[in-house]
Amino acid sequence: MAFKSLLSVAGPDHSDQDVRIAAGLCAEVGAYLSVLIMSPPPVVMSPPPLGDGIPEWPEQHAKAIARLEKRYRQVETFSHDIASLEKTSREIHKLLRAMWRCYDVDIANCDQASVGDAVQQRALCNDLTIVGPALLNDINLGPLVINGSLFDTGKPVLVVPEGAEATLSPQRVLVGWDSRAEASRAVREALDLLSAAEEVRVALVDPVPTWTGSGAEPGANVAAYLTRHGARVSVDLLPSAGKPVAAVLAQHAIDTSANMIVMGAYGRRRLRERLFGGVTRWIVGKPPLPLFLAR
């Protein structure tokens with residue numbers, strides 16, 4: 001599918017790096033950019049019930065004062081968070097006016113339990129969510145954004161690690177294929193990218209020829225599907241040699257000078273571990289690559 005609307009999520013303390021990456025991608029393909037700035041604050045205490053909920057005065061006035069002081073600090077923190085969000089919003093508006101005219105910027109100040117819902121509502125009405133280096137390195141906000149944009153919507157996500165060359169027009173793409181629905185979804189969502197690429201390599205790790213699953217000739221079916229859509233495809237059958245599948249695919253992408261990896265995303269825990277640990281390990285001492293994920 002063509003990407004005509006991209007979503008970028010940032011925290012109030014992030015640099016403008018992620019927004020710059022997303023704006024550059026929008027300029028590359030002529031897409032609209034939606035920016036969501038999020039700050040999950042501490043939960044503000046609700047007012048205490050009347051009667052027994054309030055310590056008797058003056059016998060327990062110290063507790064009453066302590067409670068009021070705590071509530072005051074929470075309100076003060078809330079006000080500070082709102083001010084920080086608004087300041088970041090003004091800065092991003094200024095940045096985007098100079099880079100890309102087709103955009104909007106929104107802010108969301110909610111508790112952590114609501115972050116996924118807030119992201120989901122925006123991601124549902126966009127074609128692709130961009131996860132840049134700052135969000136990828138934010139262990140508090142990052143996983144919540146991934147869950148909201150990928151698992152709760154079925155929409156794809158493009159992860160751009162630090163130092164990666166972000167593009168939606170890759171010339172050489174590696175597809176991680178395992179004949180599962182998630183991999184098929186990733187291929188379908190990335191079909192326009194794959195059809196326009198100079199080279200697409202479909203990689204299978206330790207495939208077993210069967211009449212089901214990978215088929216009698218592993219990779220042949222998906223290669224034929226991509227070829228019918230105009231992609232220039234080759235199939236690589238890779239031994240794992242005891243290494244994790246993700247590590248084998250990442251190394252093969254580097255060995256074949258790929259510009260992007262396309263693969264399916266699986267269970268919540270596995271994805272969170274992969275994005276906020278595995279990706280970092282993949283690129284240590286090696287050129288980082290964008291990762292296109294769909295579920």
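This is a predicted model: local features need pLDDT of at least 70, side-chain atom pairs count only at pLDDT 80 or more; totals for chains, interfaces and linings use all residues.
**Entry 1**

I started with helix α3, residues 112–123, and helix α5, residues 142–151. Their axes lie 7 Å apart, and the packing angle is about 40°.

Next I asked myself which residues make the contact. From α3 I noted Gln112, Val115, Gly116, Val119, Gln120 and Ala123. On the α5 side I found Leu144, Val145, Gly148 and Ser149. Sorted by class, the contact of α3 with α5 has five nonpolar residues, five polar ones and no charged ones.

**Entry 2: threonine 153**

Then I moved on to threonine 153, which sits in the loop between α5 and β5 (157–159). Is threonine 153 buried or exposed? Its relative accessibility is 16%, so I count it as buried, given that buried means under 20%.

I checked what the polar side-chain atoms of threonine 153 have around them. The backbone oxygen of serine 149 is 2.4 Å from a polar atom of that side chain. For the backbone nitrogen of lysine 155, I have 3.0 Å to a polar atom of the threonine 153 side chain.

Last, I skipped the neighbours within four places in sequence and listed what else threonine 153 is in contact with: Gln120, Ala123, Leu124 and Gly148.

Key
Residues are numbered from 1 along each chain as its sequence is written. Side-chain values use heavy atoms; hydrogens and water are left out. Axes are lines fitted to C-alpha atoms, for helices over the stretch in contact, and angles run from 0 to 180 degrees between N-to-C directions. Helices (H or I, at least four residues) and strands (E, at least two) are DSSP runs, numbered from the N terminus. Contact means heavy atoms within 4.5 Å. Ala, Val, Leu, Ile, Met, Phe, Trp, Tyr, Cys and Pro count as nonpolar, Asp, Glu, Lys and Arg as charged, and the others, Gly among them, as polar. Buried means under 20% relative accessible area, exposed over 50%, partly exposed in between (1.4 Å probe, protein chains only). A polar contact is a pair of N or O atoms within 3.5 Å; within protein, one must be able to donate a hydrogen and the other to accept it, and residues adjacent in sequence count only if both atoms are side-chain atoms.
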